[in-house]
Amino acid sequence: MAFDRFEGVVVDSATGRVLSNVRVAALTSRRIAVTDASGRFLIDGSEGGPVTSDGAQPELVVVGSRVESSASGWSVDWIGVDGRTASLGTSPIRWDASRLPSGIGWLRFRSGAREAMWNICRIPGEVRVRRVFVPGISRRRGAAVPESLFVRLPGGSGRTVLARTDSVVRVALGASFQVAGDFHTHTFLTDGVHTLDDVAAHAFGGSWTPVGGAGSSATGFGLDWLANSEHGGSFARDRFGNPFPSGAKWRWETLRDVSWPAVDSLRRVYPGRRLFQGVEWNVPAHEHSSVAILTGDHDAIARFEYFFDEWDTDLAGGGWADAATKNNVNSHAKALAGARWLREKHGDSSWFLINHPSRLQRTSISDLRDLHDAGGNVFLGIEAIPGHQKAPSRGGYHLSDKSADGDLVARTHGGADFMLAKVGGVMDALWSEGRRVWVFSNSDFHAAAGGDYYPGQYNKNLTRVPDRTETGILAGLRSGATVAVMGDLVDSFWMELDDGLRTASMGGELATDADSVEARIAFHVPTTSALGDSPAVDHVDLIGGRVGKRLAQDDPAYRASTVATTSILGARRVAGVDQGPDGWHMASWKVPVAGDSYFRVRGSTMARSTAGWTDSVGNPLCDDLQYPNDDAKARSNLWFYSNPVFLRKIVH
Ligand SMILES: [Zn+2]
Ligand SMILES: [Zn+2]
């Protein structure tokens, strides 16, 4: 059971002294961080060290999904705010937190004349515990009431953190994990120049035998999952790069006969990782799309490629009974039909997202809206940080199309697609409608020599998932709990909105009647990236906007790729702030609640007003100012982008 996150005020466990202005927060499973108000780290949150307890008081211990009291001789009652009361027995006591009464109430401990009250708030997925005092009970420290709240990491061997009696401790119930992944990779089977074994070994860490060479191995670039998703159409090489003796084959054939068996066998080589069989769908009339269908065989993905890929003009088909119903009219309508096919046939087991969306100016915001309407939650969003990051034209973006404002919309800005890089651009416009569509970062790996980085070497999607199964990863990707990263600028990230009673994290929604909320992030910067660099965040920005109604197709705004209500709401300089022994940073902003809204965060290595790279408020400039792009430039100009947290204002 992974410990998820909590917050409190810390007491030195040796002296009992309350550490003033100290905060505990964050974070990822098995990691906590303790900082002072200036962000300086005091405690490395990794597991280890003794568990301590004074043993004399009926402390509550929140351990993952359990709430425990360890002292004996206290009787415990539940007093709900709804008036319900119940005797819960005598401590020591242990509850599976799911068996605690739901809602808000108090646990009352009584032993003779002594009494202690703990406020419990159990809401879906989370339990919060707060020590409270009641009239007539001494508020003096050291009185015969429990003083300390102990929280420890799971397994009983973790470090104990003692929180002050009036602090709030929150623990999310149920494990959640962060995984790193890549949707978008190629091999010899299409226009890549490596085997899948080679690609997977670099992503996961493993060995492979190069074509015509001796065995080789790679330590891996830290991915937990990877999708093989290369073009549909027709290609002439086998998985080792040799020409098929009979000439080119349709991809539905090679998915069936070559790619699927290769993926299936590699899954046994990497039982702890997840390898998905996908395809890079040449979306009719539009840009490419990473698609995957989570099934036990090749049939679904091969059918999808045959019926809907723009480059697959075969009309004979693979012996499917309905093969003759295929048409080769590559229209927007066919793209939407493909999206609907995925949703209707594989609604619980597939995904698609638009790759390098602005590259060829073949996919507009209204197309994205249409695809989302057709695909529902099967449509995940866009590859907002494309691959080919060290190509001479960054991302392989090279067209000179301009917006009405003169922006080069078909070029990357700070390595990101303009749809995301522009504050108030396409993604902000979609979020301002309340659309649950997300941004991702993929390698689009074809070749180690040239403009590409291997999967995980530069582009990563860091996603919170309920478990590491295929369906758990799909659930996490759909939830919006992803931060899209370049160059391991962060290797862990947490963001939440908090109104003092409830929280919501990336992809979620906080419904609140509060006048203001706190937007809070915690992130970890690795000492060494997959590239061997030591990245450093200069600053982070909080960006947000209003959420209005979903636009109708006949509304002129449906075709507008900008939104005026999004802005940079705040910034925190990170450079120059000491980072802790384990590299955690935190930032928070108090923001007024004006109405339905959303909040997101970006971070960068580049200070504001860095000539050629950023403007005066920190927006990334067009990368063509730095052309020709290269490895050194790509490594120096790193960004990460969160997905948004939504806020719904409750009006009484
Ligand atoms: Zn592509
Ligand atoms: Zn590609």
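Is Arg411 buried or exposed, and how many other C-beta atoms lie within 10 Å? In this predicted model, Arg411 is found in the loop between strand S25 and helix H6 (418-421), and, because 26 other C-beta atoms lie within 10 Å, Arg411 is buried. When residues up to four places away in sequence are left out of account, Arg411 touches Tyr397, Cys622, Asp623 and Asp624. Arg394 lies 17 residues from Arg411 along the chain, and the C-alpha atoms of these two arginines are separated by 7.7 Å.

The chain as a whole provides the setting for this residue. Its secondary structure comes to nine helices and 38 strands, and 52% of its 652 residues are buried. Of the contacts in the chain with a separation of 6 or more, 68% are accounted for by residues 24 or more positions apart.

Among the helices, H1 (residues 196-204) is mostly covered, with nine of its nine residues buried. Helix H1 is followed by Gly205, whose phi is positive, near 95 degrees.

On the H2 side the contact is made by Arg251, Trp252, Leu255 and Arg256, and on the H3 side by Ile301, Ala302, Glu305 and Tyr306. By class, the residues of this contact of H2 with H3 divide into five nonpolar, no polar and three charged.

The contact of H3 with H4 has five nonpolar, two polar and one charged residues.

Among the strands, S24 (residues 350-354) is largely enclosed by the rest of the structure, because five of its five residues are buried. In a regular strand the side chains alternate between the two faces of the sheet. In S24, Ser350, Phe352 and Ile354 point one way, while Trp351 and Leu353 point the other way, and all of these residues are buried.

Strand S24 is joined by bridges to S23 and to S25. Five bridges join S24 to strand S23 (residues 288-293), and these two strands run antiparallel; within this pairing, Ala292 has Trp351 of S24 as its bridge partner. Three bridges join S24 to strand S25 (residues 379-385), and here the strands run parallel, with Phe379 of S25 as the bridge partner of Phe352. Strand S25 also marks one end of the loop in which Arg411 is found, with helix H6 at the other end.

Definitions and conventions: Residues numbered from 1 in each chain as written. Chains lettered and ligands numbered in written order. Predicted model: local features only at pLDDT ≥ 70, side-chain atom pairs only at ≥ 80, totals over all residues. Nonpolar A, V, L, I, M, F, W, Y, C, P; charged D, E, K, R; others polar. Contact = placed C-beta atoms within 7 Å. Helix = DSSP H or I, 4+ residues; strand = E, 2+ residues; numbered from the N terminus. Buried ≥ 20, exposed ≤ 12 C-beta atoms within 10 Å, placed from the backbone. Pairing = 2+ DSSP bridges.
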